[in-house]
Amino acid sequence: MSRIGVFICHCGENISRTVDVERVARDVGRLPGVAFSTDYKYMCSDPGQTLLKKTIQEQKLSHVVVAACSPRMHEKTFRKAVEAAGLNPFLCEMANIREHCSWVHENIEEATIKATEIVGMMVERVKKNRVLPTITVPVTKRSLVIGGGIAGIQAALDIADAGHEVVLVEREPSIGGHMAQLSETFPTLDCSQCIMTPKMVDVANHPKIKLYTYSEIELVEGYIGNFQVTIKKKARSVNEDTCTGCGVCMTKCPQKKIPNKFDQNIGMRTAIYIPFPQAVPNTPVIDRENCTKFKTGKCGVCQKVCGPGAVDFEQEDSLIVEPVGAIVVATGFDLYTIDEKPKGSPIKGYGEFGHGKIADVIDGMTFERLASASGPTGGKILRPSDGKEPKQIVFIQCIGSRAREKGISYCSKVCCMYTAKHTMLYHHKVHGGQAYVFFMDARTPGKSYDEFWRRAIEEEDAVYIRGMVSRLYQKGDKIVVMGSDIAVGVQVEIEADMVVLATAIQPQKGADLLAQKLGISYDKYNFYSEAHAKLRPVECATAGIYLAGACQGPKDIPETVSQASAAAAKVMTLFSKDQLEREPIVARVREAGCVGCFACKKVCAYGAVEEKEIRDRQGNLIKVVAYVNPGVCAGCGTCQATCPSKCVELDGYTDEQVIAMIEAL
Amino acid sequence: MHLAQQQHTFEPKIFAFVCTWCTYAGADLAGTSRMQYPSNVRVLKFPCTGRIDPVFILKAFQQGADGVLVSGCHPGDCHYIAGNFHARRRFAVFRKLLEFVGVDLNRLQFSWVSAAEGGKWVEVVTDLTEKVRNMGPMTEFKELAMEEQWSGAINTPELKEAYNAI
Amino acid sequence: MQKYISRQNFTKLLDQLIATGTRVVAPRMNAGTPLYEPLASSAEMVMDQLPRRSAKEAYFPVCEDIMTYEKEGQKVSITDIDPARFPETVLVGVRPCDACAIPVLDAVFSWDYKDEFFLERRRKTTIVGLACTTSDDACFCTAVGLSPADTKGSDLFLTPLEGGGYVCETFSDKGEALINDHTSLFNEPNNATPLPLAQPYTEKFDLKKVKVWLDEHFEDSSWDEIALRCVGCGACAFVCPACHCFDIVDEGTEKAGKRRKNWDACGFWKFTHHASGHNPRDQQPKRYRNRIMHKFKYYDDKFGQTLCTGCGRCIRVCPVGIDIAQIVEEISKK
Amino acid sequence: MTSTLIETSIYAAISESIQAEAKRILSDGQVSTIVGYAAARRKGSAQPIVITDASDAQKLIFTPACVNNLAVYLTKAKKDIPKKGKIGIVVKGCDMKALTGLMGESQLKREELYLIGVPCAGVLASTFAPSQELTDESLAPKCTECDAHLPTGCDFVPTETPLTPELEKKYAVEIARLEALTPAERWAYWKEQFAKCIKCYACRQVCPFCFCEQCLCDRNKPQMVETTPRPAGNTAWHIVRAMHLAGRCAGCAECERVCPMDIPLNLLNRKMAKELKELYDHEAGFEVTEKGPLTMFNEKDDQSFIK
């Protein structure tokens, strides 16, 4: 029979004022299985804990109930004390007779009866408690970073600098992401490529970083500390090991008129290409859709001119499996498609603004490329239609953002700042030009941000008009912008040479598919969900997977970099131990009874339930049962309530414990 | 003050099955805020409402509960992502079953009480206690527990008396 | 002793017994199902339907308490149920197939261990048998050597007569006492013609031959054929007048509870499931084999009797149409 | 009131088709075993049969007494059925729904089965002798609500089309009647019904969805449900059973048919099905789905009952 010790705390007078603690101690002392009961002024104090430890040893207690405050307050304290006395910490339970009793009732008789029943209930529960050993999970100290934009680069460098191997996977032929496309950055107007490219080179040269560009995640298996990631390396048609990056192939390629996505399709590239001159790696890739060799079988000029013989038309996609212990997801953003309604998306387009129909209506990223010194115009602001310098330019903010009726209700956060930046760049580059901005609100919190915006208006002559544009139309070589100035209450009509739309930030295409592979959750816009909006903003609910950058929600560069470093820090914390320790409140499957209906697997939000084959000694399959991975299980117990035969059981909250509590009352 | 409290002839037994992250914490908050509510409720802590098996509710009634409360995190607030969503379906169906076999659903309350809603906890518990107090004891399951198959019953009046004396 | 009782007087007899505090158990309708149950009045009695469950529950209840326990502190107090408290009962309208099973059961319950729970209820029960005038194609009492007018097990036996009323024949002191205590309701036998008896299954099984085959065929492939379709419920055993297996369970909480004796059935997977996890009857055919073996071999080995009275209830209730009459007949022809 | 005869003359032709198909697939080795119905000793009766030899194919029949849902033989009893190669099984539309559910719950694989579907006008109620002819009165109550007279998704279905008169939906009527009662009246109704239960577990054993290796109610550590067949334990058992079948039961009504105590168990199952239809627009048995209604959720699910 169990020898349970019950310790009733007075909590000074917090409990003893309304609960007759001596009577409670006396009454629960009569319960079957209780070998010792006492009351004490402050159980959590040093002498209180000493009393607890001493009594466990002297009385040879098998279980302990401490009746005091909420377990949310001191459960850890007492379990530690119990452990110090040589008992398994999970053989100690707390009965909450303060928050749930003495503080909420005034009648001493009622409170005392209730306290006795609460303690009695915990006595019955603790009898059914089992010794639970701490769970340890081995950790593979390598990290996967998905996405080679500034977020992925920062996270990869931080983790690699800490001495851990990083596998960085980028979908495009070069790392750099959207930041590499930008001209200057707010609020300091320093050149984006100047600060970005050294980091890209650091990645390329880092001995601890294994870089896969032109590659995608195919499959993710495993769990925290022990993921197996299959990476699909798409055929580049150029051997990365032998290519010297001399670029002769590109100069000789006869296909020269392919719109370059990096330049928002206003610049042109060849069929064998690198997206931009500073690309990392500096290894070209053949765009098989546009290559004459692949289309007709004739040509092959690049192969002929390649000195080291790196061009390989036969190359095929390959699959590589990388074992990693942690994953940082940094897949970034995509810009809102203004001219079309994306398939299967709840989002409606902005056809009325003529993007795609009126050549000189462009989006903000295109403006960045026009303003960029390395862009298709060499940094000159020229109209795509006729190459003329626009003398009147209109910027329209909140295209897509904050428009519930269009399907997006969030604020894209960066547009106010980059539009202000655009007006300045325009002012610097087009002398005598005039910039107008239609805006709803200017949202400029952040260090030196509001000052930056004020500067655009006060020093750089941008005219800000509070109001929305109702219509845009081409009139000769002008674009007539009709809107309202709600501050003054008049209709405004501007004949502009060019219009720039500040389009909303959206997650990358296919973000949902990647999330499904990773087993992480995402919101209705496909932004990835953090485990807790305030307290765990960089972790996914799925253990071992972390978020960085705009894949989680719109962010500017400093915020992205901060979060990337935070994610890296989380990874380093995980890697600081060889074994991951966790509270043993996890579900376990009683395989003998499991029939493999996998209801548990269906309700598990963490993907902790796997299918396991049971075979006899000859290797014949007997049955397939559920297996709960203790490294992944979060301990909610939804599986147990769902299992029809209760063959999966949550340690610490077993049916036996619960029924014992119900029957105690 | 409590002397002025009304004396009741019937004190209902109320079981509360709550999740640890929201409602248990909300009840803790009611305590730290020194709010007052009837002492009839006994709280059973679970990691998540997703862990709460309908059988527990049945068992509570069989063990003499006059009212049962199940409470957890608001939708979207679940510490375990979706446990409360699963619980919501499970209990939506289970209460329909209990209703069909003749359990008065006024005795079975479900609520979302967050860790910040000490006041709501007090309100939910007080309302349920008062409602059940007015309904009187839940006799159905208790009577059932006393009944035997005729063949095994010792049911002549004097024997019943002797039996009860045991 | 042989007497006559009119139908009117028969109902009077029952009502008088009920009025004097005797428990009268007879077939009555319970929520649409005919069952042997205590009557509140003779009007409840239905004589034309064979009750779904046999009469055995009058002395071998579906479940009964045998002990209660209570815990306080480190102390446990136990109270036994005293069989002396069982009520006096008159069991009326018992079909021969039910009544004939009673002496069969007496053997097992009073063998090495005297089961006072069974025996005391038996002592306090007066069995009033009733000859069968109807049957269906599941009935096979004649095939196992009994008849629709078999009086074995009855203290008093009623044979229905044309135009109502019964011939009453006594076979024990209890039966005679029932008549003697109510002499005014009984008359001397008259010349009324008895109603024609039921004519169930005509062909008589050679039970000796069946037993010989069973003696030699514990392992036999035909068990699979016979019982592959068995789904392992306990319906057959629970409606059977002769099945008598029970399980002792403790039910209750840490604080108090009861030890109970409940019906059990060899068809259940759990019946032979050991605490170790091993189950010697791990497949349904093995469990069903036990049912046949017990009825037609083991019981005969031990007590010289057959544990089947041919009531046909198991045939009627079997979810998958297992027909014990057919099985035994086929064995007898092997 | 006179009863209307249900037209079952096509059953003879169906039996012949089944026999021919069974013979064919057994002879050419497409299947190793066929689970079907065969005539039994009592007049008009039928019972499940498992055949492995083409010469036994002529034993297979389909009659109004072919009430069993044979799907149960593919679940827990499966271990006893020779399991090499495909298993053929004779299924009515209602039985087919159970197989569909079992596939969704990883208990069966479609490719391991050869489904011989039977066009069915209805089968006999358990309260009638097997020799009874099929009328609107002797018809099993489930057949009055049948929406699957012709099973779908089978490998073989005889070409006959059953005539199916529109009948009063017996469960719907009874559920409506009970719903109109007060809780106390409903309690009294079920109390009387459950009191009869003797825990023979025929309802469980015959149910295709009660495929657990060890039933929750057979466990004693802890004892979730009292096993003694007295009113308290019986009520708990039937509530737990109905809850476990909610969203899964497709209404074969085997539980109710086999109950030796005539407890209207399928009423509970139909009530649950009705609620699931109303709450989540879910109907069991029509297609193999990855998740059942109680293993999934929608963020917008009704929560009007939650404070």
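Is Ile266(A) buried, exposed or partly exposed, and why?

Author: Happy to. Please keep in mind that this is a predicted model. Ile266(A) is partly exposed, because 17 other C-beta atoms lie within 10 Å, whereas a buried residue would need 20 or more and an exposed one 12 or fewer. As for its setting, Ile266(A) sits in the loop of chain A that runs between β13 (258-259) and β14 (268-269). If we set aside the neighbours within four places in sequence, the contacts of Ile266(A) are Thr366(A), Arg369(A), Pro376(A) and Pro384(A). Ala310(A) gives a sense of distance: 44 residues separate Ile266(A) from Ala310(A) in sequence, and their C-alpha atoms are 29 Å apart in space.

Now for the other chains. Where chain C meets chain D, 34 residues of chain C and 34 residues of chain D take part. On the chain C side, α8 (235-239), β10 (246-252) and β11 (256-263) each contribute at least two residues.

Chain D itself is assigned two domains, domain 1 (10-145) and domain 2 (170-280). Their C-alpha centres are 25 Å apart. Between them, 19 residues of domain 1 of chain D touch 15 residues of domain 2 of chain D, and the domain 1 side of this contact comprises eight nonpolar, six polar and five charged residues.

Technical notes:
Residues numbered from 1 in each chain as written. Chains lettered and ligands numbered in written order. Predicted model: local features only at pLDDT ≥ 70, side-chain atom pairs only at ≥ 80, totals over all residues. Contact = placed C-beta atoms within 7 Å. Helix = DSSP H or I, 4+ residues; strand = E, 2+ residues; numbered from the N terminus. Domains from an automatic or database assignment. Nonpolar A, V, L, I, M, F, W, Y, C, P; charged D, E, K, R; others polar.
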